[in-house]
Amino acid sequence: MLLFRGLSVNFIQKGKGKVKIMAGETVKDAITIVADDELTGVEIEYMHIASERCSCGGEYDVEMQQFLEQGGRLYDKIDVTCTQCKKKRSFYFDITSFYGKM
Ligand SMILES: [Zn+2]
């Protein structure tokens with residue numbers, strides 16, 4: 001997990017992408033990711049989830065990823081479960097900037 005987070009931070013430092021931090025709990029609140037390609041964009045999604053903690057302090061496990069299209073924007077909805085208290089939540093990411101880019 002630490003190695004993964006370290007790698008992702010390098011991506012940001014290289015200027016390949018950036019994250020605009022918001023709550024990300026609904027489509028309206030989606031975290032907008034600006035990246036040059038899908039590989040970088042998805043990496044940033046997972047880096048963000050790995051850096052978030054449940055209110056109990058636990059880390060999140062990714063359960064499911066779903067693609068959404070709404071109002072002309074493209075989103076990834078990622079369902080996660082806390083590894084400690086098993087509470088579930090979802091993260092919404094606006095992936096319009098990099099979707100389909102290789
Ligand atoms: Zn928890």
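Visitor: In which sense do S2 and S5 pair, parallel or antiparallel?
Guide: This is a predicted model, and the assignment rests on its bridges. Two bridges link S2 and S5. In one of the pairings, Ile 31 has Phe 93 of S5 as its bridge partner. The sense of the S2 and S5 pairing is parallel.

Visitor: How many bridges join S4 to S5?
Guide: S4 and S5 run antiparallel. The number of bridges joining S4 to S5 is seven.

Visitor: Which residue in the hairpin of S4 and S5 takes a positive phi?
Guide: The hairpin has five residues between its strands. A phi near 70 degrees is found there, and the residue that takes it is Lys 86.

Visitor: What pattern does the protein chain follow along the sequence?
Guide: The secondary structure comprises two helices and five strands. Among contacts with a separation of 6 or more, 52% link residues 24 or more positions apart. Read along the sequence, the pattern is α-β-β-α-β-β-β.

Visitor: Which elements give two or more residues to the largest nonpolar core?
Guide: The largest nonpolar core has 15 residues, and Ile 31, Ile 33, Phe 91, Tyr 92 and Phe 93 have the most contacts inside it. The elements that supply two or more residues are strand S2 (31-35), helix H2 (38-51), strand S4 (73-82) and strand S5 (88-94).

Visitor: Which residues of H2 are buried?
Guide: H2 has 14 residues and spans 20 Å from its first C-alpha to its last, close to the 20 Å expected. A residue is buried if 20 or more other C-beta atoms lie within 10 Å of its own. By that cut-off, the buried residues of H2 are Thr 40, Gly 41, Glu 43, Ile 44, Glu 45 and Met 47.

Visitor: What share of the protein chain do buried residues make up?
Guide: The protein chain has 102 residues. H2 contributes Ile 44 and Met 47, among others, to the buried set. The share of buried residues in the chain is 25%.

Visitor: Which element has the lowest mean pLDDT?
Guide: The protein chain averages a pLDDT of 81, with 77% of the residues scoring at least 70. S4 has the highest mean among the elements, 96, while the lowest, 35, belongs to helix H1 (residues 2-13). Over residues 1-15 the pLDDT is below 50, although this stretch has 15 contacts beyond near neighbours in sequence. Where pLDDT is low, predicted coordinates should not be read in detail, and the element with the lowest mean is H1.

Key:
Residues numbered from 1 in each chain as written. Predicted model: local features only at pLDDT ≥ 70, side-chain atom pairs only at ≥ 80, totals over all residues. Helix = DSSP H or I, 4+ residues; strand = E, 2+ residues; numbered from the N terminus. Buried ≥ 20, exposed ≤ 12 C-beta atoms within 10 Å, placed from the backbone. Contact = placed C-beta atoms within 7 Å. Core = buried A, V, L, I, M, F, W, Y, C linked by C-beta atoms within 7 Å. Expected span 1.5 Å × (residues − 1). Pairing = 2+ DSSP bridges. pLDDT = per-residue confidence, 0-100.
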